[in-house]
Amino acid sequence: MKTLLTLLAASLVATSAQAATADGAQVFEKWCAPCHAPGIEHPGTHALEAKYKGVKSSFITDWTDVTPEYVKLMVRTGISVMPHFRKTEISDAELNALANYVIRKH
Ligand code: HEC
C-alpha cells in the first residue's frame, strides 16, 4: 500500500510539473495547426480567409488585436464549425500557454 501511495504521489508530481511547463507552441501544433497552420488547405485558415477577406491575416498567430482571454474563450466554446476543447484535451495550464503563444506578436 505504501508503495502504491508513493507511486501515486510521484505520478501526481510528474503531472503537475508537466502542466507547469506546458509549451504553447506544442499545444498549438497538436490541436490547432491541423486547421490553423498557414495555407488555405487548412480549414480554419480557409474559413478566416473568407471571413475577414484580407482585412486581417487568416493565420491566427499573426493577429495582434485579440487578448489571451478571447483565444481561451474560442477554445473552450468553439465557433461555427470549430469544435470546443475540453479540459481533458487541453488543460487550463496548457490553454494559458497556448493563448500566450497565439498572441505572442503583440
Ligand atoms: C477542426 C478545425 C479546427 C481546429 C482543430 C481549430 N480550429 Fe479554430 N477555427 C476553425 C474554423 C473553421 C474557424 C472559423 C470559424 C468562423 O467561421 O467563424 C476558426 C476560428 C478560430 C478563431 C477566430 C474566431 C474569430 O473569427 O475571431 C480562433 C481565435 C481560433 N479558431 C483558435 C483556435 C485554436 C487556438 C485552436 C487550437 C486549440 C483551434 N482554433 C482549433 C477551425 C478549427
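Start by selecting helix 3 (43–52): this helix gives six residues to the lining of the largest pocket, the largest share. Helices here are DSSP runs of H or I with at least four residues, numbered from the N terminus. A pocket is an open set of points on a 1 Å grid over the protein atoms alone, where a 1.4 Å probe fits, with protein on both sides within 12 Å along at least five of seven lines; lining residues have an atom within 4 Å of a point.

Before moving on, note that this is a predicted model, where local features need pLDDT of at least 70 and side-chain atom pairs count only at 80 or more, while totals for chains, interfaces and linings use all residues. Residues are numbered from 1 along each chain as its sequence is written, and side-chain values use heavy atoms, without hydrogens and water.

Of its 25 lining residues, His36, Gly44, Leu48, Ile79 and Met82 are the closest to the centre.

What takes up this space? Select the ligand: the space it takes is the largest pocket.

Next, pick His36, where a polar side-chain atom lies 2.8 Å from a nitrogen atom of the ligand. Then try Tyr52, with a polar side-chain atom 2.5 Å from a ligand oxygen atom. Finish at Tyr70, where the distance from a polar side-chain atom to an oxygen atom of the ligand is 2.4 Å.

Notes
Polar contact = N/O pair within 3.5 Å; in protein donor to acceptor, adjacent residues only side chain to side chain. Sits in = over half its atoms within 2 Å of the grid points. Helix = DSSP H or I, 4+ residues; strand = E, 2+ residues; numbered from the N terminus.
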